[in-house]
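Hi,

Here is the structure I promised to pass on. Have a look first, and my notes follow below.

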Amino acid sequence: MGQSTSGNSSSNYTTKPAAPARPNPDDYESYVRWEGGKFAEGRFRYAIKGTWIRPRSKEGQHCVVKHSKASYTWKQTDWDTTVKIYKEAEELAKGFNTFSGTDRPVHFTEVVVVKCLYRKDPSNPSGPRLNEYCTTEDYLYGNFKKWVNNYGVCSDEALNTATTMPAFMHWSWYHTGGEKMIADLQGVRSDKAYTLTDPVILSLSGGYGATDMGVEGMAIFFLFHKCNSFCEKLPKPSVNDFKSQIPQAELRSCMQLVASVRQATTYTCELRLSVQVRVQLVARFRAIASK
Ligand SMILES: Nc1ncnc2c1ncn2[C@@H]1O[C@H](COP(=O)(O)OP(=O)(O)O)[C@@H](O)[C@H]1O
Ligand SMILES: [Mg+2]
Ligand SMILES: [Zn+2]
């Protein structure tokens, strides 16, 4: 369990590593505690409900500790892309709130990386290992929903009543000169705000991790996007125009994929257009976004 620190290779018996002493929360800027296992999971991470101990301003409030499903995370830097996405998403949200003047502003939860320093029961196979890095954010109360996935496919609610979500995506694309688009919009909506978590950034640079569907995600979004009052004045690629740039066979597989991704989950690179088509599409989208 965890990481063995004493490696006495000459002994022919193993001693149980001493349980680590319970850390002192005052030694840390952020400190959380949890009991029990996951209450939810996404495609990549398990989510466990816990409690903030530090900072003092959050003491006693609930948090969510998320750890990787696929493997253990032994390096703090493995979460760098995740942290970068959450931060950029919040910057974009601030910009969108100002632009739209919406009375239900959009926010993202702040994320901090924490290390598992103590386990009451190290032999329990579930949960983060000792010394494993996890992310932590505020627990969102309310009806958790996913309005858009990372292909930019919107739920019926996003198309009809939660129209702030697609408008935010359209605006994020225009605001970044077509370089990026916010996606995978999920969280809770109250009368006062949307509080979102676990965003995805689609980018032309491809620098936003495994969920970055790039221009393919942007194209799928625009294939179906109908502007609403928030975004109707923004430039937008005309579907007939860019659709003709995609060969029939590729467009067909796009459509098949869209039909199969109506389910609200997060996808990794299951679809890429051919390089030639992608280059054309990128040039076209960039030109429109810089209008
Ligand atoms: N901050 C939160 N508050 C409450 N529930 C959450 C929160 N974040 C995630 N969840 C729940 O956990 C699930 C998985 O979290 P998510 O961040 O989407 O994982 P992944 O990185 O695998 O996509 C979500 O679908 C949701 O049900
Ligand atoms: Mg998710
Ligand atoms: Zn629009």
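In α4, the buried residues are Gly214, Val215, Glu216, Gly217, Met218, Ala219, Ile220, Phe221 and Phe222. By "buried" I mean that 20 or more other C-beta atoms lie within 10 Å of the residue's own; 12 or fewer makes it exposed, anything in between is partly exposed, and the C-beta atoms are placed from the backbone. Since 9 of the 11 residues of α4 are buried, the helix is largely enclosed by the rest of the structure. Helices (H or I, at least four residues) and strands (E, at least two) are DSSP runs, numbered from the N terminus.

Before you go further: this is a predicted model, so local features need pLDDT of at least 70 and side-chain atom pairs count only at pLDDT 80 or more, while totals for chains, interfaces and linings use all residues. Residues are numbered from 1 along each chain as its sequence is written, and chains are lettered from A and ligands numbered from 1 in the order in which they are written.

For the overall count, the protein has 7 helices and 11 strands, and buried residues make up 33% of its 291 residues.

What does α4 pack against? One partner is α7, at an angle of about 60 degrees and with the axes 10 Å apart. (Axes are lines fitted to C-alpha atoms, for helices over the stretch in contact, and angles run from 0 to 180 degrees between N-to-C directions.) On the α4 side the contact is made by Val215, Met218 and Ala219, and on the α7 side by Arg278, Leu281, Val282 and Phe285. A contact here is a pair of C-beta atoms, placed from the backbone, within 7 Å.

The largest nonpolar core has 48 residues, and Val148, Met165, Met169 and Met218 touch the most other members. A nonpolar core is a set of buried Ala, Val, Leu, Ile, Met, Phe, Trp, Tyr and Cys residues joined through C-beta atoms within 7 Å. Elements giving two or more residues to this core include α1 (80-100), α3 (164-175), α4 (214-224) and α7 (275-289). The largest share, 7 residues, comes from α3. Domain 1 (25-138) and domain 2 (145-289) each supply at least three residues; those bounds come from an automatic or database domain assignment.

Leaving aside neighbours within four places in sequence, Val148 is in contact with Val153, Cys154, Ala158, Met165, Pro166, Met169, Ala183, Asp184 and Leu185. Apart from the 48-residue core lies another one of 12 residues, among them Tyr46, Trp52, Val64 and Cys134.

Tyr46 sits in strand β2 and is buried, with 20 other C-beta atoms within 10 Å. Not counting residues up to four places away in sequence, Tyr46 touches Lys38, Glu41, Lys66, His67 and Lys69. The C-alpha atoms of Tyr46 and Ser68 are separated by 6.5 Å, although the two are 22 residues apart along the chain.

On to the sheets. One is an open sheet of 5 strands in the order β1-β2-β3-β6-β5, with antiparallel pairing; two strands pair if DSSP finds at least two bridges between them. Its edge strands, β1 (31-41) and β5 (112-115), each pair on one side only. β1 and β2 form a hairpin with 3 residues between them, and 7 bridges join the two.

β4 and β10 run parallel, joined by 3 bridges, with His107 paired to Thr195.

Most residues other than glycine have a negative phi, and most peptide bonds are trans. The bond from Arg54 to Pro55 is cis, with omega near 0 degrees, and Pro55 lies in the loop between β2 and β3 (62-68). Asn131, in the loop between β5 and β6 (133-138), has a positive phi of about 75 degrees and is partly exposed, with 16 other C-beta atoms within 10 Å. Asp198 has a positive phi of about 50 degrees. That residue, Asp198, is in the loop between β10 and β11 and counts as buried, with 27 C-beta neighbours inside 10 Å.

Cheers

Definitions and conventions
Two residues are in contact if their C-beta atoms, placed from the backbone, lie within 7 Å.
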